[in-house]
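Please have the sequence and the model at hand while reading.

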Amino acid sequence: MRIDRIGIDESVAAVFPPEPLAQRLAAAAVDATIVDGSPESLADCQAVVTLEHRESFLDLEWVHSIQAGVDRFPHDRFREEGVVLTNSTGVHGDAVGETVAGFVLALARRIHEHVAHQTDREWSRPGWDDGWTVAGEQACVVGLGGLGRGIVDRLTGLGMDVVGVRRSPLPEPGVDQVYTVDGLREAVADARFVVLAVPLTDATRELIGAEELAAMRQDAYLINVARGGVVDQLALVEALRDGEIAGGALDVFETEPLPEDSPLWAMDDVIVSPHCAAYTRDYYRHVAAILEESVRRIADGEDPVNRVL
Ligand code: NDP
């Protein structure tokens, strides 16, 4: 593969403006141009960096996803056309870890309620037994990759005991016990927070369904920063309505944007965020660093960073 020019698809603007990325790459002597997905705009490009998938990308040699998740891309078509797909895994641990720590503290310390009351200029204290502290509580982190690592670091920093779930039973620093997915229900049983940080694949679709929710404690919270499809959303709504779990913080949903009529918007002890757990003003710098390294590797005849296909 030879890369002379990289297109920056305008869809990245949902996460950061494309111009600073183009400038950053230019400063590193990588020729980059902003494209709109049309074959004309991609004419001189062998590669593209993008949020969305577009059919025209199947004529390129290499597509880089600015997200860690690559569930937007048709993997079979990429294989058929011999297009290399890479992702941005590894750069989101700090931002998502801090977002999860924020959710955990908001729910335990009732900060989400204060914000809601402030909107109504209402001086309303929580009940004497509503607030609690998280030190010594258990969290179960499902997925111990880049995201999981950032989450484990923050939650252990808050004094929490952490167990984890992954495909392999390999130990992970800071995680007291690592379960494989067969032990998922056992892993979530004692946790006050269950945090989802796995990719959406055939194996993880609706990994959390009615039975897993029933296996959780009644005073537990589900935090989903993975993908909406990892949870059976109907089962989640029912579990929340029936008080089978206490609440949650949801950054991702089966349908995004979350439809206006979703009951999740108005549920007590449910924090809804618009798929932005990884947002940071440094996002484009992290993506640029991956691209620069990949271009260097490709020039040396090696695989780019984070090759998925
Ligand atoms: P990684 O590839 O670094 O880690 C994935 C982890 O999930 C690994 O621990 C892996 O297990 C585990 N895993 C994969 N498949 C299974 C399975 N079938 N059962 C149990 N565990 C499994 O990915 P990242 O941590 O970078 O990202 C994970 C996902 O989070 C992304 O794919 C994306 O969808 C989502 N994400 C969401 C963001 C947001 O803004 N909300 C931001 C960034 C990512 P093992 O360690 O054994 O390989």
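Arg77 is partly exposed, with a relative accessible area of 31%, where buried means under 20% relative accessible area, exposed over 50%, and partly exposed in between (1.4 Å probe, protein chains only). Glu55 is likewise partly exposed, at 48%. These two side chains form a salt bridge in which the closest N and O atoms are 3.2 Å apart, the term being used for a side-chain nitrogen of Lys or Arg within 4 Å of a carboxyl oxygen of Asp or Glu. The pair links distant parts of the chain, 22 residues apart, since Glu55 lies in the loop between strand S3 (47–50) and strand S4 (62–65), whereas Arg77 belongs to helix H2 (residues 75–81). Helices (H or I, at least four residues) and strands (E, at least two) are DSSP runs, numbered from the N terminus.

## Basis of the model

This is a predicted model, in which local features need pLDDT of at least 70 and side-chain atom pairs count only at pLDDT 80 or more, while totals for chains, interfaces and linings use all residues. Residues are numbered from 1 along each chain as its sequence is written, and side-chain values use heavy atoms, with hydrogens and water left out.

## Other salt bridges

Across the whole structure, the search finds 24 salt bridges. One of them joins Arg154 and Asp94 at 3.2 Å, N to O; this pair connects distant parts of the chain, with Arg154 in helix H5 (residues 146–157) and Asp94 in helix H3 (residues 93–109), 60 residues apart.

Within helix H9 (residues 283–299), Glu293 and Arg296 are three residues apart, about one turn of the helix, and their closest N and O atoms are 2.8 Å apart in a salt bridge.
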